[in-house]
Amino acid sequence: MKIETEACLVNGKKDVAVAHKVITYEDQGTLVKITRGGICGSDIHYYLDGKVGNNPITNPMILGHEVVGEIVKSDNPELRPGQKIAINPSKPCGTCAYCQSGMSNQCIDMKFFGSAMYRPHIDGGFTTHRLVETFQCKPYDESADEKMVVFAEPFAVGLHAVNQAGDVSGKTVLVSGVGPIGSLLVAALKLKGAKQIYAFDMSENCLQIAQLMGADNLVNISKQSIDEFAADKGFFDISFEVSGAQPSLDTCIQVTKARGTVVQVGMGRELNGFSMMGAIAKEIHLVGTFRFVEEFDEAVQLLSDGAINPEPLLSHEFDFHDLEKAIKTAADKNIASKVQLVF
């Protein structure tokens, strides 16, 4: 079976288009009709910079890794036509030492949706139809709002970050940088029993959304001193750095208690020259976090059950044919939080 799709392609810096593409389905895997997708920071970077990190666009690539859809046909009889699913954008090899030990997010041959890491690139999910491995499909309740389930991938990132920090119940916690990932992290912390959640950011809009997502205290660091939080070797038991900016990481080290934990969530740039001596002197536990493992299934379940409500984050919706306008809107943090494409 050959399916002609319309796909959202990026060809390089500030060059995107909706174009036709043909995929072949041969009764292996699962064919999905994509219905909705969320624009991520990496999609914006591919458009603005023509690359993410050290991985430039060298051939046209379909964007998108936050997508949901409906089953068209599957090699698994338990996945019926028309069934609603979220698609896990991770496709680990399943055979390397990391996959075999339960750390598939560290797979040495990971094929992740919408990534220019490989040549040819790995196409993403911003397309009317997508052929995926059956294990990537996570069904959810028919009554759930697909707008909310689209948040499963970034919410899974937040859940994994919380798991990397250890037990957060009863702890006083900082989230530094409350864009979409940071605000979803706030929701995850609230769900996991954090006692007090503080949000640091320079944007009043982001701070207000973080409050709606569960933050107890808001600090606009462009207007308010953090000296009180840095006094006596710190105030927070655990800090999450989500912006990927060096000054934010320095702040986290300053305001986290001695022998506390700093979880580095933000990425996309080198964090050169941060306060390593501060981390050493206070015996800070500096922990990395990357994507997710089983947290994706947990995120889908929690969102479809209504355990958290990410609606405050959804600022705009666009028909997928308006791709460039949607990406430009998503890139303007003065007006946008999370932007979704409708297929």
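Mentor: We will go through domains, their interface and some backbone features.

Mentor: This is a predicted model: local features need pLDDT of at least 70, side-chain atom pairs count only at pLDDT 80 or more, and totals for chains, interfaces and linings use all residues. Residues are numbered from 1 along each chain as its sequence is written, and side-chain values use heavy atoms, with hydrogens and water left out.

Trainee: Into which domains is the chain divided?

Mentor: Domain bounds come from an automatic or database domain assignment. Here domain 1 covers 2-144 + 306-342, and domain 2 covers 158-288. Their C-alpha centres lie 28 Å apart.

Trainee: Which residues does UniProt list for "domain: Alcohol dehydrogenase-like N-terminal"?

Mentor: The unreviewed UniProt entry lists residues 28-137. UniProt positions are in the numbering used here, feature names are shortened, and annotations may be inferred rather than shown by experiment. Over residues 28-137, the chain is 12% helix and 30% strand. The end C-alpha atoms of that stretch are 14 Å apart. Helices (H or I, at least four residues) and strands (E, at least two) are DSSP runs, numbered from the N terminus.

Trainee: How do I read an interface?

Mentor: The size of an interface is often given as the accessible area lost when the parts come together. Buried area is that loss (1.4 Å probe), summed over both parts. Between domain 1 and domain 2 it is about 870 Å², and carbon and sulfur atoms give 75% of it. Ile308, Pro312 and Leu313 supply 51% of the area that domain 1 buries against domain 2, more than any other three residues.

Trainee: How many residues of domain 1 are in contact with domain 2?

Mentor: Ten residues of domain 1 are in contact (heavy atoms within 4.5 Å) with ten residues of domain 2.

Trainee: What about the backbone?

Mentor: Most residues other than glycine have a negative phi, and most peptide bonds are trans. The bond from Arg119 to Pro120 is cis, with omega near -5°. Pro120 lies in the loop between helix H2 (97-100) and strand E9 (129-132).

Trainee: Where does Asp27 lie?

Mentor: Asp27 is in the loop between strand E2 (15-24) and strand E3 (30-38). Asp27 has a positive phi of about 65°. Lys233 has a positive phi near 65°, and lies in the loop between helix H7 (227-230) and strand E14 (236-241).

Notes: Buried area = accessible area lost by both parts, 1.4 Å probe.
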